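Subject: A structure for you to look at

Hello,

Here is the structure I promised to pass on to you.

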Amino acid sequence: MEMSAPPVAALMPVAVRPPFVLVRGEGAYVIDDAGRRYLDWVQGWAVNCLGHSPAPVVQAIAAQAATLINPSPAFYNAPALELAGLLTENSGFDQVFFASSGAEANEGAIKLARKWGQLHKDGAHEIVTFVDAFHGRTLATMSASGKPGWDVLFRPQVDGFPKARLNDIDSVKACLGPKTVAIMLEPVQGEAGVIPATPEFLRALRDLCDAQGLLLIVDEVQTGCGRTGTLFAHTQAGIAPDIMTLGKGLGGGVPLAALLAKGAVSCFSPGDQGGTYCGNPLVCAAGSAVLKTLLGDGFLAQVRRAGERFAAGLAAISLAEGLGEVRQAGLLLALELGRASAAEVVELAREDGLLINAPRPHCLRLMPPLNSSDAEIDAGLALLQASIRRAHAAAGLA
Ligand SMILES: Cc1ncc(COP(=O)(O)O)c(C=O)c1O
């Protein structure tokens with residue numbers, strides 16, 4: 001029977017999408033409505049940390065769906081309590097607020113810092129953020145972001161986010177004033193193309209915050225939950241932030257994010273923060289299943305090993321094809337192409353059965369599942385190299 005064309009015009013065109021419909025996911029692979037399989041290194045934008053429909057998450061959701069889906073945040077529920085316990089026991093933070101997206105968690109972090117500023121810093125409310133940062137798509141998180149062009153979209157911006165440059169402590173100091181309450185950054189700028197804050201810079205920020213009585217906020221929406229080879233990326237620099245946000249991998253594919261704070265900073269009162277879906281048992285059950293998997297014996301060590309194998313493979317491709325830098329933090333990777341060919345490579349790779357992402361015109365970002373096998377990594381790298389060769393040959397660059 002012939003299928004009628006899906007009514008794509010009924011969706012707002014907020015993304016440029018390829019002309020197929022995805023119907024099924026299996027681990028590292030996703031399958032479209034024509035039955036084509038793609039090795040997926042986008043994974044819902046680094047959301048499916050255990051791949052598509054992983055058994056622990058499927059089982060947790062199925063069991064919880066049959067038990068209790070959403071009693072409202074006005075009541076305690078067991079999965080939220082369990083997940084909050086797991087998160088606080090395995091981090092340096094004392095309290096958690098659950099949200100449904102990274103932007104919502106970051107919005108909460110901004111509100112928490114502003115409330116703390118009202119209580120303890122004479123109403124200080126400015127939060128220093130960074131050029132090229134990405135914190136989400138609400139008005140406040142867009143204003144906190146430093147994505148080129150976003151300063152004029154949807155004007156007026158939310159006030160109070162002076163921008164410094166990553167890894168330039170003097171540029172941070174230049175942004176400080178009597179209204180400053182916090183500094184907020186991604187330990188690795190993901191959307192900017194996997195640009196790491198150096199450990200020295202992160203430690204200098206911690207020292208600066210301590211000296212000036214400011215809060216340090218890390219946005220680990222992309223880097224958290226094992227993506228960079230440790231449960232949270234900031235621990236690699238040996239720093240203890242005051243506030244952290246998580247999202248993406250935390251739910252293993254379902255909408256779950258979290259705002260975590262040290263006890264001394266956790267100053268929300270009833271009514272300050274909330275949301276109909278916040279901390280519902282369905283998603284929290286998924287979150288606990290993910291976290292227990294990440295904390296399982298040897299899981300994170302394997303992420304680190306896989307990341308090194310992946311990076312070595314990318315470096316070999318870069319050398320063979322005359323490309324640029326490879327950047328890697330665990331299984332968050334980027335390859336500089338040395339020319340603005342990323343969109344063509346993404347398209348050709350898709351034709352060949354590999355899904356990848358181009359955060360910048362000259363840069364590819366790879367976000368494979370954290371449980372990728374060596375065979376999957378090697379197969380994907382071979383597809384990637386072939387696509388790059390084809391794209392550059394077509395442009396006369398080979
Ligand atoms: C570092 C960072 N923060 C926040 C967000 C926003 O998360 P969400 O899209 O779930 O709102 C993202 C998404 O890419 C991100 O990478």
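Start with Glu 351, which sits in helix H10, residues 342-352. Please keep in mind that this is a predicted model. Glu 351 and Gly 117 are separated by 234 residues in sequence, and their C-alpha atoms are 52 Å apart in space.

While you have the whole chain in view, note how it is divided. The domain assignment gives domain 1 as residues 1-40 and domain 2 as residues 55-294. Between the C-alpha centres of domain 1 and domain 2 the distance is 31 Å.

Next, a sheet. Four strands make up an open sheet, in the order S13-S14-S17-S16, with antiparallel pairing. Which strands stand at the edges? They are S13 (326-329) and S16 (357-360); each has a single partner strand, so one side of each has no neighbour in the sheet. From one strand to the next, the twist averages 25°. As background, strands of a sheet pair through backbone hydrogen bonds, and they can do so parallel or antiparallel. For a pair to zoom in on, take S14 (residues 332-336) and S17 (residues 363-366): these run antiparallel and are joined by four bridges. Leu 333 is found opposite Leu 366 in S17.

Some loops are worth a visit too. In the loop between helix H5 (139-144) and strand S6 (163-164) you will find Pro 156. The peptide bond that leads from Arg 155 to Pro 156 is cis, with omega near -5°.

Ser 72 has a phi of about 90°, and it lies in the loop between helix H2 (55-65) and helix H3 (78-89). Its relative accessibility is 27%, so Ser 72 counts as partly exposed. Asp 122 has a phi of about 55°, and its loop runs between helix H4 (102-120) and strand S5 (126-130). With 81% relative accessibility, Asp 122 counts as exposed, because the cut-off for that class is over 50%.

Finally, the empty spaces. Rolling a probe the size of a water molecule over the atoms shows where such space is left. The second largest pocket has a volume of about 750 Å³. Of the 23 residues that line this pocket, Pro 73, Tyr 76, Val 96, Phe 97 and Phe 98 are the closest to its centre. The elements that give two or more residues to its lining are H3, strand S4 (95-99) and strand S12 (257-261). S4 gives the most, with four residues. What classes of residue make up the lining of this pocket? There are 16 nonpolar residues, seven polar and no charged ones.

There is also one cavity of 30 Å³ or more. The largest cavity holds about 40 Å³ of space. Among the residues that line the largest cavity are Ala 46, Cys 49, Val 221, Arg 227, Lys 248 and Leu 370. By class, its lining divides into five nonpolar, three polar and two charged residues.

Enjoy exploring, and write back with any questions.

Best wishes

Notes: Residues numbered from 1 in each chain as written. Predicted model: local features only at pLDDT ≥ 70, side-chain atom pairs only at ≥ 80, totals over all residues. Heavy atoms only, no water. Buried < 20%, exposed > 50% of the residue type's maximum accessible area, 1.4 Å probe, protein only. Pairing = 2+ DSSP bridges. Axes fitted to C-alpha atoms, helices over the stretch in contact; angles between N-to-C directions. 1 Å grid on protein atoms, 1.4 Å probe; cavity = no way out; pocket = protein on both sides within 12 Å on 5 of 7 lines; lining within 4 Å. Points joined across faces, edges and corners; volume = space filled by probe spheres on them. Nonpolar A, V, L, I, M, F, W, Y, C, P; charged D, E, K, R; others polar. Domains from an automatic or database assignment.
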